[in-house]
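Please look through the structure below with its ligands and cavities in mind. The text that follows takes them in turn.

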Amino acid sequence: MGKTAQTFGKISRRSFLGLAGATGVGVALTGCAPASKQEEPAADSLPVTGGDPLDYDTVSWSSCHVNCGSRCPLKAYVKDGQVVRIDIDSDGDDEFGPGKIYQMRSCVRGRTNRQRIYSPDRIQKPLKRVEGTKRGEGKYEEITWDEAIDLIATTMKEIKEEYGNDAFYIQYGTGVLGGTVSKSWHPDQTMFARLMNLWGGYLRQYADYSTGQITWEMPLFNGDAWSNNEVTDLVNSKNIVLFGNNPANTRMSGSAMQYLLTQVRLQNPEATIVVVDPHLSDTAVGVANRWIPIRPGTDMALVAGMIQYLFSAGKLDEQLIRDKFVGFFSDSFADDVKAAEPTSTAFMGLDKSGKLTIKEDMSYEAYLAGTGAYKGTGEKTPEWAAGITGIPADTIRELADLYMDGPTATIQGWGPQRHSNGGNNSRAIAMIAAITGNVGISGGGTGAREGVGGVPFATPTAIPCFPEKNTVDVCVSFFDWYQAIEDYTVMNDATWGIRAIDETGVTSYAEEPGTLKLKAPIKFIWNYGSNVMMGQHADINDSLRIYNLPDEKDSGVRMIVTVDPWMTPTAMASDIILPGTTPFEEDDLTTGGTAWTGFICCESKAIEPLFEAKPVYEICTLLADALGIKDEFTEGKTQLDWIEWCYNEGKAAGDDLPDTFEEFRAAGLIKQTDDHEPAIAAPEGPLATPSGKYEVFSKQAYNLSRQWDLTGGGYVPDDGRDQITGLPIWYENFEGYGDPLREEYPFQLIGHHTKTRTHSSYGNVPWMSSVAPQQCWINEGDAATLGIKQDDTVIVSTERGRSRMTAKVTNRIMPGVVSVPQGAWYDPVTRDGATIGDPSVLDLGGCISVLTSSRPTPISKGNGVHSNLCKIEKA
Ligand SMILES: Nc1nc2c(c(=O)[nH]1)N[C@H]1C(S)=C(S)[C@@H](COP(=O)(O)OP(=O)(O)OC[C@H]3O[C@@H](n4cnc5c(=O)[nH]c(N)nc54)[C@H](O)[C@@H]3O)O[C@H]1N2
Ligand SMILES: Nc1nc2c(c(=O)[nH]1)N[C@H]1C(S)=C(S)[C@@H](COP(=O)(O)OP(=O)(O)OC[C@H]3O[C@@H](n4cnc5c(=O)[nH]c(N)nc54)[C@H](O)[C@@H]3O)O[C@H]1N2
Ligand code: SF4
Ligand SMILES: [Mo]
């Protein structure tokens, strides 16, 4: 393997005399207006031009740290202390394949960063919620840094005294995913985690908003949610089937999946690329031969129809299934189930009592035939599947045949699993890949998301956080923290999926149902790089109710602290707001995300922090000082010292970096590649399932279905719309196609990730909103029936709230389905304390989180937020 390392961007000040002119940067630093709603920035108050690009004093490497996964390097050109131009990496090849050093071109969002740095939404000073006002009203008074730190530290000490460390929670937040010292995700790798661990610990979370269901439920089938063939192997595929995967929106950088997929299209023009998605995504438009529109949350019915057709036509390899799968055939079902019994707390649904013996035939064969335990449910023919999925039966047969005429690569995005029954979707998609013999071969794949592979650097991307010092030994799902504000006493493993967590962060399941419990309510929440609480979680109106519960012994949060550069909706529900920095205002380090070429970017502060903003390391150092642990926290190091520490670790681990730290800093962007053959995800030895085989029937899931209380101890309605099933099958899930609520709320509402934003980040950049405004996608036929025309203003409502936006009338979405791009900022028509959080309060921001539900998914206790039933009216 020939490894190539390239160092780019030894940047020195260049001045082009004669071209230097006035920069014309009308920087508007109006800041946020405390005690009032944020005003829309006036277009003419923003810096509209980069000035003369050739007239600058300095240029520094930085990166876009937000969570699209790419972490693109960016160059900031500075004149007179102001960023006058953002540029991108343009060195390297524009060719696909091993051995190529790609350009790390940023997407259009990254290029708009001047409108983020100099946004009128910038928080200028520490703010404190005005006494007597509600969280969410958005009324704040300015305080000094000293006052803010003192207030936070005093409250933290009180809470620790009363409740112990279990009452502290670090909110999920990915706004600074790409940073190292400034990192916001994973929460356990952040500076606040380091501080808290040195102070006794905090309540940790498992899984994340991205992959809540697939993380735990695809492994029920094959023991692994992540591995797939390396993306460079797609040139060897005859067919590529993308289930709900839209890299044209979600992997947009010049080195990430969409670029790679486009190159695959060019290098493998014969391949048939199929996209299965409720909407004709930009990916489908860009690279696919065929779009198969599918009703949301029904992929498992499509898979059943395909397998029924292939099995009954004798097209499947029976011996393969007998050798490597359990739970498929009726005749071996009883033995299969014994082999699949979980025997340690590494697996779910441990049956120590041995009481959960199965007497019926619950095999997939019985399911397909509608016999045994599934008697009366009918045969799962392609015609049956057509009725659920909306896909014609012949198309289902064609897709099935395509799988047998491979190699066929299967890639699932994370849209299919973000449903109330999404875990079953993820299992079923993996199953069609495996059962058709496409796993472990070149050109095939496992059905997980694309395997990026590539040539990563070994340099650390997080600094030590002492998880071993954390004394809290249970953890909560990333999605269920809100319940620990309202009533933690009902939260155990069987009701809310509470798990044990060890000193290294490894989680395990309960020995006996109901024995793993939370020990305290959440009283303190730290939001850094997070817009979860009023944006990216769900059901904003009910969330506001929960945030405003009185601070009592067993419920009600005492203090919410938010660190953010901008006045986000979440900031406006906090008690203390601290002005944070953008990546251009601090030194840091980032390494490649979803790129195939490895890269490392040593970032140098381009400008001083604006206003009174501070980097999070400095903020945590002040807090550590107030808590009496400053020396342990800093180890005497500055932020730059920590970056040097990373560099030294990277060198020691064998990374080919410049000889000295100074040279490393001067180099800025460093890339590497090699010419290795594409890796094939080929499970060797037993799979990480109890039986070591593919578990079509999961005894783990079956046991949970008998052990767990899906009413969440009384907080989730007992309406049968949540189920845990041994097989990955379709059921009438909560706010899915089969939910009777569809009579009143006739549309299935999903919310795809959009090009305009990364979640809510970039949501306040006028340049971006003007490119792709926030619109509800609706099919032309549905719109005609409702009398809705292109760009009409509509109100979308669910049982939980109402949101206003304009309509995008298009046949790029299937009838009966609408999509509101997720991440738009919540903007209630009034923030009046008397009504804030009332479901009738109209949101003017087009924010889907006013409409989604916080009801946790049955096994993973995660976010089924693409499962919603809604109605639409012309405003
Ligand atoms: N521009 C941009 N890029 C991003 C992000 C962003 O917000 N903006 N977010 C980043 C992050 S953190 C993540 S986790 C990823 C998210 O990546 P994903 O989770 O994959 O993105 P989604 O848009 O939610 O879903 C992908 C597709 O699934 C489709 N879909 C929804 N339900 C179903 C279903 O039931 N079946 C099928 N077959 N398809 C379905 C949607 O229509 C959509 O086209 O993207 C990352 N990249
Ligand atoms: N309905 C629905 N909800 C979803 C999803 C969905 O598909 N549908 N997707 C989910 C997914 S996959 C994810 S990952 C989550 C993401 O949810 P979040 O992690 O909350 O992501 P963002 O909305 O980007 O919010 C990031 C925050 O970081 C701040 N920030 C950005 N840059 C910086 C910086 O440089 N410094 C500092 N200090 N702060 C910064 C932003 O202002 C913002 O407040 O959302 C989830 N929510
Ligand atoms: S949003 Fe993603 S693709 Fe765009 S510049 Fe930032 S990291 Fe790169
Ligand atoms: Mo995500």
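This is a predicted model: local features need pLDDT of at least 70, side-chain atom pairs count only at pLDDT 80 or more; totals for chains, interfaces and linings use all residues.

Residues are numbered from 1 along each chain as its sequence is written, chains are lettered from A and ligands numbered from 1 in the order in which they are written, and side-chain values use heavy atoms, with hydrogens and water left out.

Ligand 1 is surrounded by 35 residues, of which N249, T250, D277, D299 and H759 are the closest. A residue counts as near a molecule or strand if one of its heavy atoms lies within 4 Å of it. By class, this shell has nine nonpolar, 19 polar and seven charged residues. Here Ala, Val, Leu, Ile, Met, Phe, Trp, Tyr, Cys and Pro count as nonpolar, Asp, Glu, Lys and Arg as charged, and the others, Gly among them, as polar.

A nitrogen atom of ligand 1 is 2.7 Å from a backbone N or O atom of R757, and a nitrogen atom of the ligand is 3.1 Å from an N or O atom in the side chain of R109. An oxygen atom of ligand 1 lies 3.2 Å from a backbone N or O atom of G244. On its own, ligand 1 has 900 Å² of accessible area, and the protein covers 99% of that; accessible areas come from the Shrake-Rupley method with a 1.4 Å probe.

Ligand 2 has 34 residues around it, and T174, Q536, D564, H753 and S760 come nearest. Its shell has 10 nonpolar, 21 polar and three charged residues. An oxygen atom of ligand 2 is 2.6 Å from an N or O atom in the side chain of D564, and an oxygen atom of the ligand is 2.8 Å from a polar backbone atom of N531. A backbone N or O atom of G175 lies 3.3 Å from a nitrogen atom of ligand 2. The protein covers 98% of the 920 Å² of accessible area that ligand 2 has on its own.

What of the cavities? On a 1 Å grid over the protein atoms alone, a cavity is a set of points where a 1.4 Å probe fits but cannot get out, and its lining residues have an atom within 4 Å of a point. The structure holds seven cavities of 30 Å³ or more, a volume being the space filled by probe spheres set on the points. The largest cavity has a volume of about 130 Å³. It is lined by 15 residues, with D493, Y509, A510, L704 and W708 closest to its centre.

The second largest cavity holds about 80 Å³ of space. Among its 14 lining residues, C64, C68, C72, C107 and R109 are the closest to its centre. Ligand 3 sits in this cavity, as more than half of its atoms lie within 2 Å of the grid points.

Methods:
On a 1 Å grid over the protein atoms alone, a cavity is a set of points where a 1.4 Å probe fits but cannot get out, and a pocket is an open set with protein on both sides within 12 Å along at least five of seven lines; lining residues have an atom within 4 Å of a point. A polar contact is a pair of N or O atoms within 3.5 Å; within protein, one must be able to donate a hydrogen and the other to accept it, and residues adjacent in sequence count only if both atoms are side-chain atoms.
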